[in-house]
Every structure is written in C-alpha cells, then in structure tokens.
Amino acid sequence: MQQIQDQRKKKVLVSCFKQIGRCTVSCILVLLTQFALTLVPHFFPASSLLVQLTLSVVVLVFVLGLGRWCRRIVGVYASAPALVFFNLIFIWAVYIFIVRQAIPYFISIVFNIEVTLLILGVCSILSSDPGLVTHGSSDANKLIETKAFGVEAHNEGSALLKRVRYCKSCKAYIKGFDHHCPAFGNCIGQNNYVLFMILLAGFLTTEASYIVCSSQFSRGSQILGGTWFETDLAGSLVVSTMLFSLLQVIWQGVFFTWHLYCICFNIRTDEWINWKKYPEFQFVIQSQPGESFTRVMFKNPYDNGYLQNVKEFLSVNG
C-alpha cells in the first residue's frame, strides 16, 4: 500500500516538473519571439506597413522553426496555452510600462478590463467541460465506434447522441464536437462552444484596441517613419507588438468568420472536414442506366435555416 502511494506521489511530482519545464520553455520562446520581432521596426523603421508585416511573418517562422529544433534537442516541448498566456501578458506589460502614458485615463481603464476578462476567460476554458461523455454512463454505452481520420462517430439511435464524436487528442467522446483547440488545451464542444466564440471575439476586440492605442503612442512619439537611430528599444517594442497583434487579428478574424458560418449553417468543423466518414452527411446519387458508378454528395441534415440554427446554438450550447 505504501509502495503504491509512493508511486502515485512520484508520478505527480514528475508531472509537475514536466509542466513547469513546458511553461519555462514557453516563456523563453515568447520572450525570444517578441524581442526578435523588434528587429523589424528597428532596422526597417521607414518601410511600409505591408513590408513590416511580411518581415514579421518571416521572423516568426524563423524563430518558431529554431525553437522547435532546439526543443527537440532539449526534449521539452512548449505548451500552446502557455504561449497564448505569456504573449498576452507580454503585450499587456508593454502597454502598462510604455504605451499607457500616451492614452487617456478612461480608455486605459477599458483596455485593462478587456485584458483581465480575457485572462479569466482563457483560464475558464482551459478547465471547462466541452461535453464529455464519461465511461460507464448510459450515453457511453450506446456509442458505436467507427474509425475515421482520427475521429470516431456513433449510431443515430438517440437524439441526444446525434453529434457525439471521439477526439483522439483527449481520448474521449465529446457532445457536439467541433475541434480540438491546442491554443486552449481543450476540445471545443457543445458545452463550451459559446465560451469559445466569446473568447475569440474578446481576443479580436482586445488586440484591435491595442493596435489603436499603440498607433496613437507611435504617432505621438513620432516612431512610425522614423530613422534607424530614432527608434529605441521601447519604440521598437511598441511597433513590433502592434505588428504581432495585427497578424493575430488577421488570422483570428478569418477563424472567427469561419465559425460564424458554421453556426449559421449548423455544421461543425470536424463534420465539414470528415463528412465522407459520417453517413448522415452523405447523399448518394444512383448511377444512370449505362453508368457503372454512383456519386456521393454532401448534405447537411442539421441545417434548419439561419435563425433556427443560431437559436439552437444559443440554446444547446449556452
């Protein structure tokens, strides 16, 4: 008995040290990435926004590739949620210590509230239940596994189980499974889809607010369009974090638009990608006389019109 307890304690300690190591690697990678991005406005201060954005993408790809190579050597990998958290904290720190001095008091309060709510939201979705179907439950006993692209489906005998899928990342059945989100370290399913959309909107709003604030600071300090010698570390940090936030807004805006489309048409990301593996999405067209093949086309049996789909999303996922 004592030996079993010692083994459990050892496993807990190993897990804790592993998480600490991953968080440390994530913190170092964020600092390396953010300070590497300062090279763009420092050496190319007079370049256009498009050129600086392009160079920022090149720097990000290079640093992340270098970081991945180094992590393979060290054997400790970064944590995606930790990367999100530390990037958010870094940008907040730049705002508090540099940008805030040029921003009106009321706007500064609003921005700080936005960041605080965003951090609370990230912590909430990390521990949220996406709609887990636990082993031994009546729902779990009715499921029939069908291997497909790393995702498994179920029978349609129960209305409650219509959209339960299996996530191999979490090794669990999830009601209303949309996708596994590495950035939040959790599946996105029936129970946390609304929170996920609120967080996406929160990130877009907060990043857009920072872009406006940092632009105002840069214009007031005459950083944008300055010379190589006029752009100090503080100014480079403001511009580089603004470029980073702009890149985030671009891809997150596309991602947010995609999920709005999914909500309006009552379709999940997993179902859209793997529809050929789910019989309810297949519409078989029989071959014509003289033809030796049949065609399978996509159909969405859950699409009940925009308004009804949105209403169902809010009622089921809320």
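This is a predicted model: local features need pLDDT of at least 70, side-chain atom pairs count only at pLDDT 80 or more; totals for chains, interfaces and linings use all residues.
Residues are numbered from 1 along each chain as its sequence is written. Local features need pLDDT of at least 70, side-chain atom pairs count only at pLDDT 80 or more, totals for chains, interfaces and linings use all residues, and side-chain values use heavy atoms, with hydrogens and water left out.

**Stop 1: the cores**

Select Val-99, Phe-184, Tyr-193, Phe-196 and Met-197. Of the 54 residues in the largest nonpolar core, these touch the most other members. Such a core is a set of buried Ala, Val, Leu, Ile, Met, Phe, Trp, Tyr and Cys residues joined through side-chain atoms within 4.5 Å. Buried means under 20% relative accessible area (1.4 Å probe, protein chains only).

Now select helix 7 (193–221). Helix 7 gives this core its largest share, twelve residues. Helices here are DSSP runs of H or I, at least four residues, and strands are E runs of at least two, numbered from the N terminus.

Move to Cys-167, Ala-172, Ile-174 and Phe-177. They are among the five residues of a second, separate core.

**Stop 2: the salt bridges**

The structure holds three salt bridges (a side-chain nitrogen of Lys or Arg within 4 Å of a carboxyl oxygen of Asp or Glu).

Select Glu-271 and Arg-163. Their side chains meet at 2.5 Å, N to O. Glu-271 sits in helix 9 (residues 269–273), 108 residues from Arg-163. Relative accessible area is 0% for Glu-271 and 10% for Arg-163.

Arg-165 and Glu-280 are both buried.

Show Arg-163, Arg-165, Glu-271 and Glu-280 together: salt bridges link them in a network.

Conventions. Buried means under 20% relative accessible area, exposed over 50%, partly exposed in between (1.4 Å probe, protein chains only).
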